Amino acid sequence: IGPEYNNFEDVWNIIVHDSGVFFLTNKYLFHYHNETITAYQSQSRFVFLGLLGDQLILQDTGLGLSLFNGQEFEYVPGSDRFQDGPLTGILPLASGKWLITTLYNDLYIFDGEAFSYWIPEASGFLKNNRIYSAAIFEDGRIALGTAQSGLLIYSSEGKLLYHLNRDEGLLNNIILSLLVDKDQHLWLGLDNGINYVLASSPFTQLFPDGKAQGAGYDVQVFGDSIYFATANGLFSAHWKSHYSPFKPEKFHQVVGTKGQAWGLDTFNNDLLLSHHSGSFLIGAAGAQKNYPEWGVWLFLSLIHI
């Protein structure tokens with residue numbers, strides 16, 4: 001490197017590309033090729049270097065975005081909106097478009113010519129908590145690591161599926177890097193450790209009875225509600241196809257069902273509860289006892305021959 005470029009401070013990123021090796025600093029971008037180094041100087045400050053497919057993309061806060069054409073970097077029209085804060089990720093979408101995540105601002109879709117907003121559920125939350133890292137799964141789900149509030153996983157349509165933080169078992173809420181492995185699970189590089197998330201597991205933990213976390217014996221969808229029979233009573237919640245982690249559905253204990261609720265069965269459009277203190281007919285007003293003896297476990301239909 002020529003002496004005129006020696007004062008370049010930290011190297012923030014290194015990318016090995018078909019056209020050489022690129023070293024990103026705030027002041028210069030160094031391009032090593034055929035045993036020579038070419039230096040590109042920023043107009044203001046280089047803050048991001050990444051790959052848009054097989055193309056290098058560079059962000060200069062005084063200009064916007066530029067693509068490398070094999071010889072030089074060409075400005076991307078309309079990218080002056082990226083002058084304020086750094087990009088944190090570029091993800092390929094199934095549509096052939098690209099999702100661009102930024103640290104301070106919003107998320108954008110780039111179709112190769114123009115930029116548009118990608119507005120996921122709880123986008124305001126992302127803007128306030130800063131996106132540090134991003135990754136994409138084979139099925140199109142998008143993982144975003146935040147600066148102070150853990151991990152969010154979205155569907156490809158922008159619907160929030162999961163929000164994981166210290167309360168759900170992460171070692172730390174500052175997620176600096178993300179990697180989706182060959183099994184479609186997720187590795188998190190944290191501020192003070194590493195977490196492994198079974199992001200493709202079909203199982204999710206539910207504790208309808210809150211911190212009591214008693215044993216679960218049975219579950220039944222009935223009408224517009226879902227019911228959980230637990231060691232601490234019968235709990236219900238509104239039944240729907242999607243539950244936002246930012247708007248968690250509250251579980252309510254069905255009135256009159258404290259104690260061990262063992263089973264749920266439906267007969268003639270009625271929901272029956274087997275309970276240690278007897279059996280109950282479950283309705284909108286709560287539980288109505290319909291068998292006086294203790295210890296009911298199961299209801300079965302009688303077959304008349």
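**Pockets and rings**

Modeller: The second largest pocket has a lining of 26 residues, and nearest its centre lie Val47, Phe48, Leu87, Thr88 and Tyr132. The model is predicted.

Colleague: What makes a residue part of that lining?

Modeller: An atom within 4 Å of a grid point of the pocket. In the second largest pocket, 26 residues line the space. That space is about 750 Å³.

Colleague: Which strand gives the largest share of the lining of the second largest pocket?

Modeller: β5, with six residues. β1 (13–17), β5 (46–52), β9 (87–92), β13 (131–136) and β17 (175–180) each supply at least two. By class, the lining has 17 nonpolar, seven polar and two charged residues.

Colleague: And how much space lies in the largest pocket?

Modeller: About 1,600 Å³. Its lining has 36 residues, and the closest to its centre are Tyr162, Glu168, Thr204, Gln205 and Leu206. β16 supplies the largest share of this lining, four residues. The classes are 21 nonpolar, eleven polar and four charged.

Colleague: Leucine 161 is in strand β16 (residues 160–164). Why is leucine 161 called partly exposed?

Modeller: Its relative accessible area is 26%. Buried needs under 20% and exposed needs over 50%, so a value in between is partly exposed.

Colleague: What does leucine 161 touch, beyond residues up to four places away in sequence?

Modeller: Arg141, Ile153, Tyr154, Ser155, His242 and Pro245.

Colleague: Now the rings. How many aromatic pairs does the structure hold?

Modeller: The structure has 16 aromatic pairs.

Colleague: Why is the pair of phenylalanine 22 and phenylalanine 68 called edge-to-face?

Modeller: The ring centres are 5.3 Å apart, and a pair needs them within 6.5 Å. The planes stand at 75°, and over 60 degrees counts as edge-to-face. So the pair of phenylalanine 22 and phenylalanine 68 is edge-to-face.

Colleague: What makes this pair a tie between parts 46 residues apart in sequence?

Modeller: Phenylalanine 22 is in strand β2 (residues 20–24) and phenylalanine 68 in strand β7 (residues 64–68), so the pair ties those parts together. Phenylalanine 22 and phenylalanine 68 are both buried.

Colleague: Which residues do ring pairs link into a cluster?

Modeller: Phe82, Tyr108, Phe110, Phe115 and Tyr117.

Colleague: How do you know that arginine 141 lies over the face of phenylalanine 137?

Modeller: Arginine 141 is at 4.2 Å from the ring centre. The limit is within 6 Å, and within 35 degrees of the ring normal. Arginine 141 is listed as lying over the face of phenylalanine 137.

Conventions. Residues are numbered from 1 along each chain as its sequence is written. This is a predicted model: local features need pLDDT of at least 70, side-chain atom pairs count only at pLDDT 80 or more; totals for chains, interfaces and linings use all residues. Side-chain values use heavy atoms; hydrogens and water are left out. Rings of Phe, Tyr and Trp (its six-membered ring) pair if their centres lie within 6.5 Å; planes under 30 degrees apart count as stacked, over 60 as edge-to-face and the rest as tilted. Buried means under 20% relative accessible area, exposed over 50%, partly exposed in between (1.4 Å probe, protein chains only). Contact means heavy atoms within 4.5 Å. On a 1 Å grid over the protein atoms alone, a cavity is a set of points where a 1.4 Å probe fits but cannot get out, and a pocket is an open set with protein on both sides within 12 Å along at least five of seven lines; lining residues have an atom within 4 Å of a point. Grid points are joined across faces, edges and corners, and a volume is the space filled by probe spheres set on the points. Ala, Val, Leu, Ile, Met, Phe, Trp, Tyr, Cys and Pro count as nonpolar, Asp, Glu, Lys and Arg as charged, and the others, Gly among them, as polar.
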